[in-house]
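Subject: Structure handover

Hi,

Here is the structure I promised to pass on.

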Amino acid sequence: GLLDADIYGPSLPTMLGLKGQIPPLDEEKRKLIPLEVYGLKTISMGVLISEDDAVVWRGPMLGKALQQLLEDVDWGELDYLVIDLPPGTGDVQLSPAQLTGINGAVIITTPQDVAHRDVVRAVQMFRTLNTPILGVVENMSYFVCPDNDQTYYVFGKGRTEEVARELGLPMLQHIPLDLVVAPSADKGIPVAEVDPKGDQAMRYEDLAYTVAAKIAVEAAERQ
């Protein structure tokens, strides 16, 4: 399952080709049935409002909206439920830890120092909430130019590893900039579907296996 928790800027419908689709309602259970695509059950505020509508809500309303996306959707039996949180440490970020048992959080960042400040705040928040932090993923790590095969560290190199080390967290994956990802997402097709054996898809697959293994270890240690 995949829950798009970015209430203000839901991008999931675009990235998964779900624009214009409306989740059906189970009249008996009075719950929404999540949309299914690419083997995912998914829900997003972006499929519940008009594409051009702006969500103008205060913090507590965001937390309530996320609670409804968790509890008023008939998720059924899932292997995992991934909650894609927006940046920050507000009501949306606090709600999942307060509403449901979270197995672990993965911190996503880019290489710039300004992004690392958000990493520190997010780590402090999850530790305050006693949520296990599985590790750090660096997005937009570098760019390999197709013209000359040279690697360019557009946003700098090496600082994310230093920050992760200072926080006592493992680096899980470096995701490079890729010329296929953005156009594919704009068309609603994940890069893993476009090029399942490509470098980018294999990195996501490796990350998924790593996170699943860490979740299993965390669960075993809690028994």
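Met-140 is partly exposed, at 32% relative accessible area; by that I mean the range between buried (under 20%) and exposed (over 50%), with a 1.4 Å probe and protein chains only. You'll find Met-140 in strand β8; strands here are DSSP runs of E with at least two residues, helices are runs of H or I with at least four, and both are numbered from the N terminus. Together with Tyr-152, Val-154, Phe-155 and Leu-177, Met-140 makes a nonpolar surface patch of about 400 Å². A patch of this kind takes residues with over 30% relative accessible area and no salt bridge, and joins nonpolar side chains (Val, Leu, Ile, Met, Phe, Trp, Tyr) within 5 Å, while like charges are joined within 9 Å. The areas come from the Shrake-Rupley method with a 1.4 Å probe, and for residues only the protein chains shown count as cover.

Before you go further: this is a predicted model, so local features need pLDDT of at least 70 and side-chain atom pairs count only at pLDDT 80 or more, while totals for chains, interfaces and linings use all residues. Residues are numbered from 1 along each chain as its sequence is written, and side-chain values use heavy atoms, with hydrogens and water left out.

Strand β8 also has a part in the one aromatic pair that a search of the whole structure finds. Tyr-142 and Tyr-153 have ring centres 5.7 Å apart and planes at 55°, so they count as tilted. (Rings of Phe, Tyr and Trp, the last by its six-membered ring, pair if their centres lie within 6.5 Å; planes under 30 degrees apart are stacked, over 60 edge-to-face, and the rest tilted.) Tyr-142 is in β8 and Tyr-153 in the loop between β9 and α5, so the pair ties together parts 11 residues apart in sequence. Tyr-142 is buried at 14%, whereas Tyr-153 is partly exposed at 37%.

Leaving aside neighbours within four places in sequence, Arg-203 is in contact (heavy atoms within 4.5 Å) with Tyr-142, Gln-173, His-174, Ile-175 and Pro-176. Arg-203 is buried, at 18%, and forms a salt bridge with Asp-199, with the closest N and O atoms 2.9 Å apart. For a salt bridge, a side-chain nitrogen of Lys or Arg must be within 4 Å of a carboxyl oxygen of Asp or Glu. Both residues lie in α8, four residues apart, about one turn of the helix.

How many salt bridges does the structure hold? There are six. One of them joins Asp-74 to Lys-29, at 3.0 Å between the closest N and O atoms; these two sit in separate loops, so the pair ties together parts 45 residues apart in sequence. Asp-113, Arg-159 and Glu-162 are linked in a network of salt bridges.

Now for the inside. The largest nonpolar core has 18 residues, of which Leu-3, Leu-16, Leu-18 and Ile-43 touch the most other members. (A core is a set of buried Ala, Val, Leu, Ile, Met, Phe, Trp, Tyr and Cys residues joined through side-chain atoms within 4.5 Å.) Helix α2 gives the most to this core, with four residues. Apart from it lies another core of 13 residues, among them Ile-107, Val-123, Ile-133 and Val-163.

Cheers
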